[in-house]
Amino acid sequence: MGIDSYVLLAIPLFIFAGNLLNFGGLAERIFNFALALVGHIRGSLAHVNVIASVIFSGMSGVAQADAAGLGTVEVKAMTKSGFSPEFSAAITAASSIIGPIIPPSGIMIIYSVLSGTSIPELFVAGIIPGLTMALVLMVTIYYLARTGKVHCPEFERKPVKEIWSAFKDGFLPLMAPVLLITGILTGVATPTELGALTVIYSIILGVVYKELDGQGLLEAAKQTCVTCGALVFIIAAAVPFSAILALLGVPHALAEFLTGISDNPMIILLLINIALIILGCLLDTTAILLITVPILMPVVLSLGIDPVHFGLIVIINLLIGTITPPFGVLLFVMMGVAGVSYNKMFSGIKVFYIPLFLFLLILTYVPAFSLWLPSKVF
């Protein structure tokens, strides 16, 4: 795989669409709808944070974009309402990793190109794990609020009239992920074509709501160029490195090493989980993906592990790594957004590690979580 793959064009398109929605003020409409819907549940705006991330995840597909864009709205609203800055930043970082699990997903597109796995199957396979992760985070929030471990200001239940008004106000932005997933399920367009259509839809929404001007369009384009420029550089550097490893016989040697330890897929997957979590704490997600997938795929296929299931395992491992010290990239993104120190950021997010790791183990050893929906659709 190189940077000349046509499928990779979908990534900048989805990132651009997400940035357009941010600079067009549409992220705030999504947040207001989520507030009207679940703001009254114990944990209030922390739940809103998760729901808004789930909705927004159907647009950009990049965790950093979700954290920096929607995260700014979320952290501002939470701190203004009385939440601590560190907890506001922590739940925003944790909910941002849902973005690349629910389609569209830039990291899934890269994995698909590396492994030869169907992109639509990967996208559909991520829906249930993504929603389950959101539920895990919300249960954790409810527990923290219920036990008083985190101060969560309460909001009154909104009347049906206000919920309906918020829904109408955010209806068109909410339709973006619906249309995208419908396009994937029906197969009416390729992921790249759907990315282009999402960009056009985002621009139309910005114009209709009169919130996207020429300056906003330019800023969205600049942010997309910065994100994609870093991504292309990583791919360009990692591809020859992967080729060198292949020429040196590293994949074959690793396969022999792992199967020498055990031929039990459960044990091999546990070892891979541990290795990926450690790597995710230290290196960029895309670079890890480009180096490890070509090495691990022969092992995975020889053990009869489904590549779609394995893709979800790899992706969720690496995403958890982005919120894990010492170099989790989302920790630093949210430190900048919320203006908190590294120690406070870690203090706020550490409570989410246990539920996320338990979720990862369930996903690893219960393939139906990721494979049931694709088996019904395709």
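**Briefing: helices, contacts and a surface patch**

Val337 counts as partly exposed, because its relative accessibility is 28% (buried is under 20% relative accessible area, exposed over 50%, partly exposed in between, with a 1.4 Å probe and protein chains only). This is a predicted model, in which local features need pLDDT of at least 70 and side-chain atom pairs pLDDT 80 or more, while totals for chains, interfaces and linings use all residues. Residues are numbered from 1 along each chain as its sequence is written, and side-chain values use heavy atoms, without hydrogens and water.

**Helix pairs**

- Helix H2 covers residues 26–38 and helix H3 covers residues 45–56 (helices are DSSP runs of H or I with at least four residues, numbered from the N terminus).
- The axes of H2 and H3 come within 8 Å and cross at roughly 130° (axes are lines fitted to C-alpha atoms over the stretch in contact, with angles from 0 to 180 degrees between N-to-C directions).
- H2 is therefore oblique to H3 (under 35 degrees is roughly parallel, over 145 roughly antiparallel, 65 to 115 roughly perpendicular, the rest oblique).
- The H2 and H3 crossing is right-handed (the near helix is turned clockwise from the far one by less than a right angle).
- Helix H9 (residues 160–186) and helix H10 (residues 191–208) have axes that come within 11 Å and cross at roughly 165°.
- That angle makes H9 roughly antiparallel to H10.
- The crossing of H9 and H10 is right-handed.

- Val337 sits in helix H16, which runs over residues 329–338. Its C-alpha atom is 7.7 Å from that of Ala89, and 248 residues separate Val337 and Ala89 along the chain.
- Phe23 belongs to helix H1 (residues 10–23). Phe23 has a relative accessible area of 33%, so it is partly exposed. From Phe23 to Gly206 the C-alpha distance is 8.5 Å, across 183 residues of sequence.
- Leu174 is part of helix H9. Leu174 is buried, because its relative accessible area is 11%.
- Gly280 is in helix H13. Its relative accessible area is 4%, so Gly280 is buried. Gly280 and Gly328 lie 7.3 Å apart, C-alpha to C-alpha, and 48 residues apart in sequence.

**Salt bridge**

- One salt bridge is found in a search of the whole structure (a side-chain nitrogen of Lys or Arg within 4 Å of a carboxyl oxygen of Asp or Glu).
- Lys222 and Glu219 have side chains that meet in a salt bridge, at 3.5 Å from N to O.
- Lys222 and Glu219 are separated by about one helical turn, because they are three residues apart in helix H11 (residues 214–247).
- Lys222 is partly exposed, given a relative accessible area of 45%. Glu219 is also partly exposed, at 22%.
- Side chains of opposite charge can pair when their charged atoms come close.

**Cis peptide bond**

- Pro325 and Pro326 are joined by a cis peptide bond, with omega about 5°.
- Pro326 is in the loop between helix H15 (307–321) and H16.
- Most peptide bonds are trans.

**Nonpolar surface patch**

- Leu270, Ile274, Ile278, Leu282, Leu283, Phe327, Phe332, Ile354, Leu358 and Leu361 form a nonpolar patch on the surface (Val, Leu, Ile, Met, Phe, Trp or Tyr side chains joined within 5 Å, each residue with over 30% relative accessible area and no salt bridge; like charges are joined within 9 Å).
- Together these residues have about 950 Å² of accessible area (Shrake-Rupley method, 1.4 Å probe, with only the protein chains shown as cover).
- Helix H13 (265–282) and helix H18 (353–365) are the elements that give two or more residues to the nonpolar patch.
- With four residues, H13 gives the most to this patch.
- Leu361 is a residue of helix H18. Its relative accessibility is 36%, so Leu361 counts as partly exposed.
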